[in-house]
Amino acid sequence: MKPRIHQVLFDFDGVLAHYRHEVRIAHLAAHAGCAHERVREVLFVSGLEVEYDSGRVDTATYLRRIGEGVGATIDEDAWIASRMAGSTAMDDVLTRVTALHPDVAMGVLTNNGAMMTQAIPRIVAPLAVRIEGRVLTSGGLQRRKPAPATFTHALELLGWDAASTLFVDDKFTNVQGAREAGLHAETVTDGRTLGKALKRYAFGPQTGW
């Protein structure tokens, strides 16, 4: 008998959307009027992005430090616009996800900074209603995948039971962490692999006897 799933928790980059790092950098550089390499240094070489993604600096501090580094004001709108420019929803995945039983609850757990709670629903707009209020980031949680405790904490916040939750991620190490926390978990990289994974489970309330 297939395990019955009542909740699905998705990774974001590489599962629901393609992320193009260089496009994001170019967009932010154009906004700031500086060289691409300067944006790369401020965000990534310095370690600032990892600090933000891990919740070690808050959004205001993060944006201030970016602005100081690139010599221009970077507000939430500018940052979100650059992240959206570098992200493209995976339509084949969204088609399969939105077709799941309407009673199946959905959420996102991503190793990203807190502002992604605003960006993600806009990037995957067809899924926005179903994940509303259930986008969790490592920056917001101050803990990261693949640590099993991250999944346990996420489920506590969502009010979900591990045994009836499916987690999908493009990185097997994160899938392993989820399984250690008691969730069902599968490695997914596109619509085809998602379709194969979904066939292993039954979704929504059980009907009949």
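Which residue forms a salt bridge with R24, and how far apart are the closest N and O atoms? The partner is E49, and the closest N and O atoms are 2.9 Å apart. A salt bridge here is a side-chain nitrogen of Lys or Arg within 4 Å of a carboxyl oxygen of Asp or Glu.

Before I continue, a word on the source. This is a predicted model, in which local features need pLDDT of at least 70 and side-chain atom pairs count only at pLDDT 80 or more, while totals for chains, interfaces and linings use all residues. Residues are numbered from 1 along each chain as its sequence is written, and side-chain values use heavy atoms, with hydrogens and water left out.

Let me return to the pair I opened with. R24 forms its salt bridge with E49. This pair links distant parts of the chain, with R24 in helix α1 (residues 21–32) and E49 in helix α3 (residues 48–53), 25 residues apart. Helices (H or I, at least four residues) and strands (E, at least two) are DSSP runs, numbered from the N terminus. Both R24 and E49 are buried. Buried means under 20% relative accessible area, exposed means over 50%, and partly exposed lies in between, with a 1.4 Å probe and protein chains only.

Over the whole structure, the search finds eleven salt bridges. Two of them belong to helix α2 (residues 36–45). In one, R40 is bridged to E37 with the closest N and O atoms 3.1 Å apart; these residues are three apart, about one turn of the helix. In the other, R38 is bridged to E41, again with a closest N and O separation of 3.1 Å, and here too the spacing is three residues, about one turn. As for accessibility, R38 has a relative accessible area of 37% and is partly exposed, and E41 is partly exposed at 33%. Elsewhere, salt bridges that share partners join D11, K145 and D169 into one network.

I turn now to the sheet. Five strands form an open sheet in the order β6-β5-β2-β7-β8, with parallel pairing. Why is one side of β6 and of β8 left without a neighbour in the sheet? β6 (135–137) and β8 (184–187) stand at the edges and each has a single partner strand, so one side of each has no neighbour there. Neighbouring strands of this sheet are turned by 20 degrees against each other on average, direction ignored. For that angle, axes are lines fitted to C-alpha atoms, for helices over the stretch in contact, and angles run from 0 to 180 degrees between N-to-C directions.

Two strands pair if DSSP finds at least two bridges between them. Strand β2 (residues 7–10) is joined by four bridges to β5 (residues 105–110), running parallel, and Q7 has A105 as its bridge partner in β5. β2 also pairs with β7 in the parallel sense over four bridges, and L9 stands opposite F167 in β7. Within β2, Q7 and L9 point one way and V8 and F10 the other, and all are buried. Strand β7 (residues 165–169) is in turn joined to β8 by four bridges, also parallel. There, D169 stands opposite T187 in β8; D169 is also a member of the network with D11 and K145.

Which kind of peptide bond joins K145 and P146? The bond is cis, with omega about 10 degrees. P146 is placed in the loop between α9 (138–141) and α10 (148–158). Q142 is found in that loop between α9 and α10 as well. Phi of Q142 is near 60 degrees, a positive value in a residue other than glycine. In general, most residues other than glycine have a negative phi, and most peptide bonds are trans. Q142 is exposed, with a relative accessible area of 57%.

Thank you; I am glad to take questions on the model.
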